[in-house]
Each structure stands twice: as structure tokens, then as C-alpha cells.
Amino acid sequence: MSLIDIDDLSLFLGQGARRRKILDSISFSVEAGQTYGLVGESGSGKSTVLRCIAGLYRQWTGGIAVDGQTFRQADRLGWCRNVQMVFQDPYGSLHPKHQIEDILAEPLHIHKLDNIGERVGKVLDQVGLPGKFRYRFPHQLSGGQRQRVAIARAMVLRPSIVLLDEPTSALDVSIQAEILNLFMDLREELKLTYLLVSHDLSVIDHMCSAFAVMQAGRIVEVLTRDALENNEASAPYTRTLIEASERYDRDLALRQAEAEQA
Amino acid sequence: MSDPILCVRNLNVRYFGARGAMHAVRNVSFEVGKEKVAIIGESGSGKSTVGRAVMRLLPDVARVEADALDFEGRNMLALSEKAMQDIRGRRISMILQDPKFSLNPVMTVGEQVSEAYLAHFPVSRAEARRRSIEQLAAVRIRDPEHVYGLYPHEVSGGMGQRIMIAMMLIPDPALIIADEPTSALDVTVRLQVLALLDDLVRQRGIGLLFISHDLNLVQSFCDRVLIMYAGQVVEELRADELDKARHEYSQGLLASLPRIGARRERLPTLNRRSEWALDLVRQK
């Protein structure tokens, strides 16, 4: 049994004529301690999968289970404590009028935990922020520091699963490297399992031992990192994605344009 | 390189605000011919400010000084605002990052392309419409007559960016400044937009100043690269020799980039040194 089991997950959104199938029987599983990737273009449904697992969408069909316990049976509060999420935009995901301390204490209040001051201090240290930052406001922090706060907010509840939704795409490459290293360190230190969504195949390749390629709400291919490096991707869409990610190539662009015309 | 389109010598931009002067761009010098020149750097390095200074689009609190800021042999700093209007959009055009925020939401995209043509040429609306449809076809939009009548919210991000490019190209400029033109686009769409810009440089002899933070992309797309840090150009290289960068900052940036097939346990991070931000020697 795997830690996360997603079985035949489907989701419709919208009403009447505007009803659209957003996810089309998604199935995959993630082992404990693994970092599993979901890669695809905008609108492919990769973030929606995370939102279903986090409980932000409830009208899906199929099965989502963590550690053998399904979402429907589980205690909602306990589920949320165990499954936390980090969002893309460090500017939009922190309350602008709350001090860092309040931002980090809020999940602890919701889950009725004690020793709040001590826990906040510890988690700041774990994400590499100085203790004095607890009295600052988000606008006094740089983009990379804000993302560390967002990571701290997820980690403060001691989850076993962290859902990462494009956690570095709003950051410069040098800051991205620091944040990716932090994720690696925290995974070892806190025995975490990650589900990482990104449109950047090189980030997925760096972080994940295996990943699923999504297009239009479906998984088109599941690859391991070794298979990617040995050039074993077989689906045409995956191959295009790999080539387009590696470099600019005029011939590839022309071939792709012709394929679209046809 | 013979006869550069744009020649910049010792460009300085200072902002005067409530907290004193801020020297945002320091002694930046470069030339752009019929080629693709990239400016790369992190947020706050001054790369976009350089692009805007060339267009004279900076607000009044910014003071722009340069030993030379010549476009097609004319000194742009000495031009009147009226003369600048004839250059801006007509001879130099600018493509911005996100088509969603750059297009007028209550006007059809076709009318916006027509407007760009009518602003510079005394022609009839029907003629402008005909030219716009031709231009939309030239940026590989299928069924341009249909797309002409669509509103910005009805087109995808990639198509929006092609429409922006069509709008920029219709007055037939000599120089395009593209400020992160593909950052908001998916990789496969990005490829198409870049191929379009590539063809323009090859076929029409346009100069392209490509402002980006994406080193991987710049390496395979551009001819030359300027690397900016803290308002200065710390290094200039041929794009295919980016791997041989000598400045520690350039090397650090390249090393911090994850690459497919180059597996590392940890990514090297930048140790910013204070001497990188010191004034470099002024070029003559």
C-alpha cells in the first residue's frame, strides 16, 4: 500500500451547457518519502488534482486515500493537519496586514495546539529565517523570504504530506535554487512526502523520482527520472514538452506548427 | 557588425524620490544591430529600466543621462516629445510580458491592431483593416478575419501575445524591445512566439532587444547576451559561449539552474559579494 492513492479521480465543473470535464479518470500512487511530480501546461488540470487532495474541491468522483484511509471516511480536521499545501504566489498567499507570527500561529489556533510561541520559533528556524522576522509584515520581506514563510505555515502543523503548487515559478533562478534545496532538507529532516506541480520539466527532473505528464485533464504518461534521462519518453506530447523545455529550436517550432495545421 | 541600429554609451538612470537618489542603471553601454541581443538579470537588476529608458517611457522622477543614446544615427535624448512620438511605436516598438494586461479589454483585438496602424499612417479605416488582417495572418493566426472581431478575453495567452506582436509590427519598426515576452506562456506556445520573432530578425532585418531572466532560453535563442547585476552590465558574451562566462555572478546564475539530465543532490546557491555592486570602470 502506498502513502497516497489516487484512483479514477474525475471532476466536472460548471453548470448546464458550460459543464466541463476538468479531470478525466486520474490514477496514480505515491510512496512515503517520495517526491512525485505532476507536469503539464496551463489548463491541464495538474493544480486541480492538488486542490482535490487538499479538500478544496469536494464534488469529485473516484477515490483519494492517504495511508489507507479515504477522504470520505477521514476526520476533516485531521486530514487537513496531515495534508498541507504551499501555493505559487508568495505575494498573494500571505495576509498583508498580519505579522509573520500571526500568519504562522493561525493554523495552530485552528487545530487547537499548545506551545504556540515555541512552535513558531522552531519552524522559522527550520525554514532558515531569523527569529526577529516574527514581528515583521509580509511587505517587509523579499519574494524568497515570503515563500519561506508560506513553507513555514505548511510545516508548522507537522504534516506528513505537503502539496507544492508551482512553489518557485514566481522566483528568480538563484532564489529558486535556495528554495528547492530547502525542500530537499525538510524532506529528510521531517520525513515528508511531496506532490510537486510544475510546468518546468527541469525542476520536476531535479526534485522528483517519478512524475506524471498531464494534458487536458488526463495523464498521458508516467515516467521515472531514469526513463526521462535515458530518453525513454514515448508519448508524442511528452517528447514535444521535453524538447521545448530544453532549448529554443527553430525546426522543432516549424514541425510543431505544421502538426497543428494538419 | 556594421551600422548598429541602436547605440547606447554610458547610460545612467537615477530616480529621485522621498528617500533620496537611487542609481538604478549605471554606465550601461551596448549596441544592437540586425540581431538578437539579450539582457538578463534578476528582478531589480535594472534590465527593464534600460528598455524603458531607450523608449523614454520612464516617469519624471527618473533622470536619464548618457554619453550617447543614438537610434538610426539620431540622438534620442535631444529629441522633442513630439519627435519621440514618431519613433515610439513607429520605429521602435515594445512587447510586454502579459498580453492580458496590455490589450484593451473593451475593444476588439483587430481594432487595436488597426489603431496602431492609423496612429502612424494617413489611410482609411478599410485600408487599415485590410493591413491588420494581413498582419494577423503573418503572425500565423489561422482565420484572421474571425480573430479580428474577437475581444481579448476570447483569445488564449499565446494568441494574445501573437496579436501584440502583430500590433507592434504593423508600422514596420527597425527595433523591437521585448520585455519578458514569453514568461507568461507555456513552453510549446513559447516556442511558436520565439520562432516568430526569430523569423522577423532574419527576414526583415529587425533588431531585437530581448529582456529576460531565463538563461536557458537566451542561450539557444539569442546572438549576444548582456548580464546585469545591481544596475551594471557585469559581462557581455556571445550566447553560445554563455557556458564560458567568467564573472562569478554569471557562473553562479548558470550553476543554480536545474537542468534535465544533470542530476545534483543540491543546487549551488549564489553567495552575493559586495564587490559585484561596486562601480565598474566607465567605458569610453
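I take helices to be DSSP runs of H or I with at least four residues and strands to be runs of E with at least two, numbered from the N terminus; axes are lines fitted to C-alpha atoms, for helices over the stretch in contact, and angles run from 0 to 180 degrees between N-to-C directions.

I note that this is a predicted model, in which local features need pLDDT of at least 70 and side-chain atom pairs count only at pLDDT 80 or more, while totals for chains, interfaces and linings use all residues. Residues are numbered from 1 along each chain as its sequence is written, chains are lettered from A and ligands numbered from 1 in the order in which they are written, and side-chain values use heavy atoms, with hydrogens and water left out.

**Helix pair in chain B**

I looked up α4 (residues 109-118) and α7 (residues 157-169) of chain B, whose axes come within 8 Å and cross at roughly 20 degrees. That makes α4(B) roughly parallel to α7(B), a label for angles under 35 degrees. For contact I use heavy atoms within 4.5 Å, and on this basis B:Val109, B:Gln112, B:Val113 and B:Ala116 of α4(B) meet B:Ile163, B:Ala166 and B:Met167 of α7(B). I sorted these contact residues into six nonpolar, one polar and no charged, where Ala, Val, Leu, Ile, Met, Phe, Trp, Tyr, Cys and Pro count as nonpolar, Asp, Glu, Lys and Arg as charged, and the others, Gly among them, as polar.

**Helix pair in chain A**

I then turned to α5 (residues 143-155) and α6 (residues 173-190) of chain A, and found that their axes come within 10 Å and cross at roughly 20 degrees. That makes α5(A) roughly parallel to α6(A). The residues that α5(A) brings to the contact include A:Ile151 and A:Met155, and those from α6(A) include A:Leu182 and A:Phe183; the contact residues divide into eight nonpolar, two polar and two charged.

**Nonpolar cores**

I count as a core a set of buried Ala, Val, Leu, Ile, Met, Phe, Trp, Tyr and Cys residues joined through side-chain atoms within 4.5 Å, buried being under 20% relative accessible area, exposed over 50% and partly exposed in between (1.4 Å probe, protein chains only). The largest nonpolar core has 116 residues, and A:Ile151, B:Ile163, B:Ile165 and B:Phe210 have the most contacts inside it. A second, separate core of 34 residues includes B:Val37 and B:Leu69.

**Positive phi**

I found that B:Glu72, although not a glycine, has a positive phi of about 50 degrees. B:Glu72 sits in the loop between β5 (68-71) and β6 (74-75) of chain B, and is partly exposed at a relative accessible area of 40%.

How values were computed: Parallel < 35°, antiparallel > 145°, perpendicular 65-115°, else oblique.
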